[in-house]
Amino acid sequence: MKTTHPHADVIKAWADGAQTQYYALGEWHDMVNEPIWYRDQQYRIKPEPKPDFVVYPHVAQYRAENGYGRAMLVKDKLKLTFDGETGELKSAEVL
């Protein structure tokens, strides 16, 4: 009975042009040379980078009474951009 290679799926994806990575020294590295595909090595298809995301924190200001209750004015005053991979703040813009 023929057994498949433990990395068969990654090997096939690499042959079809997918970017692949190997795990060494505690982190993933892009494969730049033709791989040897060691059975005891970890490999994966390189994940797509997560896009940055933007947050607009709201500032609520209560104004005067209007007969039905207090009127509220909400304004976006900041635009915060975060890195999609790390969640770290990349930029802050005052609007």
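Start by selecting Leu 95, which sits in the segment after β8. The model on screen is a predicted one. Leu 95 has a relative accessible area of 52% and is exposed, because the cut-off for that class is over 50%.

Together, Val 54, Tyr 56 and Leu 95 make a nonpolar surface patch of about 280 Å².

Next, the charged side chains. Side chains of opposite charge can pair when their charged atoms come close. How many salt bridges does the count come to? The count is two salt bridges.

For one of them, select Asp 52 and Lys 90. Their side chains meet in a salt bridge, with 2.6 Å from N to O. This pair links distant parts of the chain: Asp 52 lies in the loop between β3 and β4, while Lys 90 belongs to strand β8 (residues 89-94), and they are 38 residues apart. Asp 52 is partly exposed, at a relative accessible area of 38%.

Now select Asp 30 and Lys 46. They form a salt bridge in which the closest N and O atoms are 3.1 Å apart. Here too the pair links distant parts of the chain, with Asp 30 in strand β2 and Lys 46 in the loop between β3 and β4 (53-55), 16 residues apart. Colour the two by accessibility. Asp 30 counts as partly exposed at 34% relative accessibility, and Lys 46 is partly exposed with a relative accessible area of 35%.

Clear the selection and turn to the aromatic rings. The structure holds four aromatic pairs. Select Trp 14 and Trp 37 to see one of the pairs. Why is this pair edge-to-face? The planes of the two rings stand at 70 degrees, so the pair is edge-to-face; the ring centres are 5.9 Å apart. The angle that sets this class is over 60 degrees.

Follow the chain from each ring. Trp 14 is in helix α1 (residues 8-15), and Trp 37 is in the loop between β2 (27-30) and β3 (43-45). The two are 23 residues apart, and their pair links distant parts of the chain.

Is Trp 37 buried or exposed? Trp 37 counts as buried, because its relative accessibility is 12% and the cut-off is under 20%. Trp 14, with a relative accessible area of 29%, is partly exposed.

Trp 14, Trp 37 and Tyr 43 form one aromatic cluster.

How values were computed:
Residues numbered from 1 in each chain as written. Predicted model: local features only at pLDDT ≥ 70, side-chain atom pairs only at ≥ 80, totals over all residues. Heavy atoms only, no water. Phe/Tyr/Trp six-rings, centres within 6.5 Å; stacked < 30°, edge-to-face > 60°. Helix = DSSP H or I, 4+ residues; strand = E, 2+ residues; numbered from the N terminus. Buried < 20%, exposed > 50% of the residue type's maximum accessible area, 1.4 Å probe, protein only. Salt bridge = Lys/Arg side-chain N within 4 Å of Asp/Glu carboxyl O. Patch = residues over 30% accessible without salt bridge, like charges linked within 9 Å, V, L, I, M, F, W, Y side chains within 5 Å. Areas by Shrake-Rupley, 256 points an atom, 1.4 Å probe, with all protein chains shown as cover.
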